[in-house]
Amino acid sequence: MEFRVWRFDPERDREPRMETHHVEVTRGMMLRDALLEIKARDESFTFRHSCGEGVCGSDAVNVNGRNRLACITPVAELKAPVVVRPLPGRPVIRDLVVDMSQFYGQYEAVEPWLKRREPEPEQEILQSPAERARLDGLWECILCGCCSTSCPSFWWNPEKFLGPQALLSAWRFLADSRDQAEEERLDALDGPYRLFRCHTIMNCVEACPKHLNPTRAIGHIRDRMLKKSV
Ligand code: SF4
Ligand code: SF4
Ligand code: FES
C-alpha cells in the first residue's frame with residue numbers, strides 16, 4: 001500500500017516535502033505499525049507514540065484530511081494513497097511532531113481541578129450515581145488534540161478562543177456536583193472570544209477518537225451562562 005508521509009526538519013530543510021513509501025499490509029495492521037515500518041527504514045522519520053491502545057493521546061496525526069490516532073486506525077479502512085500529515089494549525093517541530101504547548105496552555109487556563117469553598121471532608125466527597133453519571137462523556141478526554149486542531153475558530157484565534165478540548169474540560173468541572181466554583185468558572189469564560197468563538201461547525205465532534213461531543217459541552221456552558229444572567 002502506498003503511504004505519503006510529511007517530512008520536515010526545520011534545522012535542515014528549507015521546505016516540507018511528501019515522501020512516498022510502500023508498506024506491505026498485514027492482518028490487523030494499524031497506521032502506527034505502518035509508520036513504525038517506515039521508521040525502521042529511515043531512523044530520522046519522527047512521530048510521537050506511546051501506549052498503542054488509544055489511551056495516551058500522543059500519536060494524533062492528520063490522515064487523508066482527518067485527525068486520528070494512528071494506533072487505533074486500521075490501515076485496511078484507509079483509502080490509498082494514505083497521506084499522513086502533522087496535526088493542522090500547530091508549529092511543526094519535526095516531521096509529524098507538532099508543538100502542543102498552546103493547546104496545553106488552554107487546558108490549564110480552565111483550571112481543570114476541583115475547587116471547594118468548604119473545607120475538605122476527612123473522607124471522600126460523596127456523589128449520587130446520577131451526579132456521577134453526568135461526568136460520562138467528559139472525563140474520558142485523553143488530550144489528544146484531534147478536536148482543537150480541526151477547529152477553524154481555534155486555527156484563527158488560538159490566543160483568544162479556548163478551543164473545544166479546553167471547553168469540554170471546563171464543562172466537566174462545571175457539571176461536577178463536588179465543584180463549588182461555578183460563578184468564578186463562568187466569569188472566566190465570559191467575553192466575546194473564550195467561549196463564543198465557537199460557530200458550531202462540529203469538526204471537533206467528528207474528529208474525536210473517544211466519541212466525545214465538545215459542541216454539546218459548549219452548548220451546556222452557554223445555557224448555564226444564560227441562566228446565571230436572568
Ligand atoms: S463546533 Fe465549535 S469548537 Fe467544535 S470545531 Fe466547530 S467551532 Fe470549533
Ligand atoms: S475531546 Fe476528544 S478529540 Fe478532543 S482532546 Fe479530548 S479525546 Fe481528543
Ligand atoms: S499511542 Fe497512545 S493513543 Fe495512540
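Where is the place of Asn64? Select Asn64 and look at the loop between β3 (60-63) and β4. Helices and strands here are DSSP runs numbered from the N terminus, a helix being H or I over at least four residues and a strand being E over at least two. Asn64 has a positive phi of about 45°, although Asn64 is not a glycine.

Before going on, note how the model is labelled: residues are numbered from 1 along each chain as its sequence is written, while chains are lettered from A and ligands numbered from 1 in the order in which they are written. The model is predicted, so local features need pLDDT of at least 70 and side-chain atom pairs count only at pLDDT 80 or more, whereas totals for chains, interfaces and linings use all residues.

**Stop 1: a cis bond**

Select Ala80 and Pro81. A cis peptide bond joins Ala80 and Pro81, with omega about -5°. Pro81 sits in the loop between β4 and β5 (82-85).

**Stop 2: the two domains**

Colour residues 2-98 as domain 1 and residues 101-229 as domain 2. These bounds come from an automatic or database domain assignment. The C-alpha centres of domain 1 and domain 2 are 29 Å apart. Domain 1 brings 14 residues to the contact and domain 2 brings 11 residues; two residues are in contact if their C-beta atoms, placed from the backbone, lie within 7 Å. On the side of domain 1 that touches domain 2, strand β4 (residues 66-69) gives the most, with 4 residues. That side of domain 1 divides into 7 nonpolar, 4 polar and 3 charged residues. In this classing, Ala, Val, Leu, Ile, Met, Phe, Trp, Tyr, Cys and Pro count as nonpolar, Asp, Glu, Lys and Arg as charged, and the others, Gly among them, as polar.

**Stop 3**

Two packed helices are described by the angle between their axes and the distance between the axes. Axes are lines fitted to C-alpha atoms, for helices over the stretch in contact, and angles run from 0 to 180 degrees between N-to-C directions. Angles under 35 degrees count as roughly parallel, over 145 as roughly antiparallel, 65 to 115 as roughly perpendicular and the rest as oblique.

Show helix α5 (residues 163-174) with helix α6 (residues 182-189): their axes are 10 Å apart, at an angle of about 160°. The two helices α5 and α6 are therefore roughly antiparallel to each other. In the contact, Ala170, Phe173 and Leu174 of α5 meet Glu182, Arg185 and Leu189 of α6. By class, this contact of α5 with α6 has 4 nonpolar, no polar and 2 charged residues.

The contact of α2 with α5 has 4 nonpolar, 4 polar and no charged residues.

The axes of α5 and α8 are 8 Å apart, and the helices pack at about 55°. That makes α5 oblique to α8. Among the residues of α5 that meet α8 are Leu167, Leu168 and Trp171, and on the α8 side the contact includes Ala217, Ile218 and Ile221. By class, the contact of α5 with α8 has 10 nonpolar, 2 polar and 1 charged residues.

**Stop 4: the ligands**

Which residues surround ligand 1? Select Cys151, Ser153, Pro164, Cys198, His199, Thr200, Ile201, Met202, Asn203, Cys204, Pro214 and Thr215. A residue counts as near a molecule if its C-beta atom, placed from the backbone, lies within 6 Å of it. The shell around ligand 1 has 7 nonpolar, 5 polar and no charged residues.

Finish at ligand 2, which 14 residues surround. The closest are Cys141, Cys144, Cys146, Cys147 and Cys208. By class, the shell around ligand 2 has 11 nonpolar, 2 polar and 1 charged residues.
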